[in-house]
Amino acid sequence: MLVDNIYVPNSLTLLATHLHSLYIGNEKVKTEFVTDDSQSIQVGVLHRQAGTVVQAHQHLPVQKQVTGTQEVLIVRSGHIVVDIFDTNGNFVAAKPLRTGDIYIQYSGGHAFHFITDVQFVEIKQGPYTPADKVYFNPDFNPLKHEQTK
C-alpha cells in the first residue's frame with residue numbers, strides 16, 4: 001500500500017500516515033493533500049509542469065490554535081521501524097520506513113528502532129520543550145512486533 005493510514009483499533013481515530021517513497025499521487029491534480037483538514041499539520045504531493053511559475057507570495061500570520069504536537073519524518077537514507085502506540089500507550093502497529101518514505105504522526109506515541117544507519121528529517125510544531133514529551137512502556141520489546149524486512 002502506497003499510502004497507509006494507521007488507526008486506533010476498532011476506532012476512527014487516526015494515529016499516523018505512512019507515505020511510501022513510490023507514491024506519486026494523482027498527476028492530474030496540482031496539489032493533493034494526504035492529510036485531512038482536521039489535522040494541524042498539512043502534507044501534500046504537488047505536481048507542476050516544467051516552466052510553471054508560482055506567483056511570489058507569503059503566508060499571512062493567521063492565528064491558529066494547536067493542541068499537541070504532530071510530527072513528519074522524511075527518511076533520507078537508511079531503514080527505521082517505527083512502533084506506533086495509541087494515546088493510552090498501547091502498541092498498535094510497527095511500520096518499516098525506508099529511504100524516501102514519509103511518516104506523519106498525528107496523535108498517540110511512537111518508538112524508533114534503527115535497522116541501519118539512518119539520516120532523517122523531523123518536522124514538527126515548535127519550539128520543542130522537554131515538557132512536551134512523556135516516556136512510557138519501558139518494557140516494550142520492539143523485536144517482538146516488528147517486521148524489519
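Strand S2 (residues 14-19) and strand S8 (residues 102-105) run antiparallel and are joined by four bridges, where strands are DSSP runs of E with at least two residues, numbered from the N terminus. Two strands are taken to pair if DSSP finds at least two bridges between them. Within this pairing, His 18 stands opposite Tyr 103 in S8, and Ala 16 has Gln 105 of S8 as its bridge partner. The structure is a predicted model, in which local features need pLDDT of at least 70 and side-chain atom pairs count only at pLDDT 80 or more, while totals for chains, interfaces and linings use all residues. Residues are numbered from 1 along each chain as its sequence is written, and side-chain values use heavy atoms, with hydrogens and water left out.

On its other pairing, S2 is joined to S1 by five bridges, and these two strands also run antiparallel. Here Ile 6 stands opposite Ala 16 in S2. S1 and S2 form a hairpin with six residues between them, and in the turn Asn 10 has a positive phi of about 60 degrees. These strands belong to an open sheet of five strands, whose order is S1-S2-S8-S5-S10 and whose pairing is antiparallel. Its edges are strand S1 (3-7) and strand S10 (119-124), each of which pairs on one side only. Neighbouring strands of the sheet are turned by 15 degrees against each other on average, direction ignored; for such angles, axes are lines fitted to C-alpha atoms, and values run from 0 to 180 degrees between N-to-C directions.

Six bridges join S6 and S9 in the antiparallel sense, and the bridge partner of Val 81 in S9 is His 113.

In soluble globular proteins, nonpolar side chains tend to be buried together. A nonpolar core is defined here as a set of buried Ala, Val, Leu, Ile, Met, Phe, Trp, Tyr and Cys residues joined through side-chain atoms within 4.5 Å. The largest such core has twelve residues, including Ile 6, Leu 15, Ala 16, Val 82, Ala 93 and Tyr 103. Two or more residues are given to this core by each of S2, strand S5 (71-77), strand S6 (79-85) and strand S7 (91-98), and S6 gives the most, with three residues. Apart from this core lies another, of ten residues, among them Leu 14, Leu 19, Val 45 and Tyr 106. When residues up to four places away in sequence are not counted, Ala 93 touches Ile 6, Val 82, Asp 83 and Ile 84, a contact being heavy atoms within 4.5 Å.

Aromatic rings were also compared. A search of the whole structure finds seven aromatic pairs, where rings of Phe, Tyr and Trp (its six-membered ring) pair if their centres lie within 6.5 Å, and planes under 30 degrees apart count as stacked, over 60 as edge-to-face and the rest as tilted. Phe 112 and Phe 114 form a tilted pair, with 6.3 Å centre to centre and 40 degrees between the planes. Phe 112 counts as partly exposed at 28% relative accessibility, and Phe 114 is partly exposed with a relative accessible area of 42%. One aromatic cluster is formed by Phe 85, Phe 91, Phe 136 and Phe 140.

Over the whole protein there are zero helices and ten strands. The C-alpha trace spans about 55 × 35 × 30 Å along its principal axes, and buried residues make up 30% of the 149 residues. Among contacts between residues at least 6 apart in sequence, 61% join residues at least 24 apart.

Definitions and conventions. Buried means under 20% relative accessible area, exposed over 50%, partly exposed in between (1.4 Å probe, protein chains only).
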